Amino acid sequence: ANPGVSEEQIRHYLASRCREYDTNFRSPLTTADPAGHGALRFVSRCHCGKCQLQSDFSDTKGLRPIRCYCSNCRHFHSTSFAAYLPATVNWTGISSIKVHQDSCAVAGAMERFMCGICFTKLGARRVESDGKVMSYLCLGSVEDESIPDHLALDWQSSFEEWHPQSRPAWWDAMPTARPTFARRTERIRGHF
């Protein structure tokens with residue numbers, strides 16, 4: 001079909017252009033916790049860099065993120081769920097921060113914090129009935145490098161769910177069965 005170009009040259013050319021993962025690809029995250037359950041500092045920042053904050057944790061044992069599916073949290077974050085981490089955060093002294101009074105179906109009335117320039121969601125704060133202030137750090141603003149691999153891997157399956165009955169209708173939908181065809185790279189390599 002291609003005069004002057006051998007099948008081997010075509011296979012080589014196509015194989016070099018394919019960007020699919022190899023079948024033995026594994027996540028670079030490890031399950032090992034080299035330092036044990038110790039102190040940890042999460043660094044958060046907005047897109048434009050005007051709002052930066054740090055959250056210190058004395059112990060990471062039992063540290064679990066929260067996924068909230070209530071409509072207010074989903075709309076505020078423009079996502080399928082809001083991902084929070086209960087934290088001690090000092091919200092004062094950040095010049096560009098903007099405060100939005102809102103509510104959550106589970107937490108009740110809360111203040112939501114975002115950058116006043118790029119509108120990155122940074123976190124939320126609520127006052128409990130006993131007067132205790134509870135802060136929640138938005139995990140979407142935490143720099144990846146500050147989350148240890150073992151926590152990132154654990155948090156993929158270990159989290160607290162708030163208001164799961166408000167999940168979007170499509171969330172639990174199962175994909176339709178499609179006929180299985182050999183991937184193009186498998187055909188090129190002669191596996192099929």
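Me: What makes the charged end of Lys121 count as sitting over the ring of Phe76?

Reply: A charge sits over a ring if NZ of Lys or CZ of Arg is within 6 Å of the ring centre and within 35 degrees of the ring normal. In this predicted model, the end of Lys121 is 5.3 Å from the centre of the Phe76 ring, so that pair is listed as such. Arg67 likewise lies over the face of Phe159, at 3.7 Å from the ring centre. Local features need pLDDT of at least 70, and side-chain atom pairs count only at pLDDT 80 or more, while totals for chains, interfaces and linings use all residues. Numbering starts from 1 along each chain as its sequence is written, and side-chain values use heavy atoms, leaving out hydrogens and water.

Me: Why is the aromatic pair of Phe42 and Trp155 called edge-to-face?

Reply: Rings of Phe, Tyr and Trp (its six-membered ring) pair if their centres lie within 6.5 Å; planes under 30 degrees apart are stacked, over 60 edge-to-face, the rest tilted. Here the centres are 6.0 Å apart and the planes 85 degrees, so both conditions hold. Phe42 and Trp155 also share one aromatic cluster with Phe57.

Me: What does the pair tie together?

Reply: Phe42 belongs to strand S1 and Trp155 to helix H3, so parts 113 residues apart in sequence are tied together. Helices (H or I, at least four residues) and strands (E, at least two) are DSSP runs, numbered from the N terminus.

Me: How do you know whether Phe42 and Trp155 are buried or exposed?

Reply: Buried means under 20% relative accessible area, exposed over 50%, partly exposed in between (1.4 Å probe, protein chains only). Phe42 has 0% and Trp155 has 9%, so Phe42 and Trp155 are buried.
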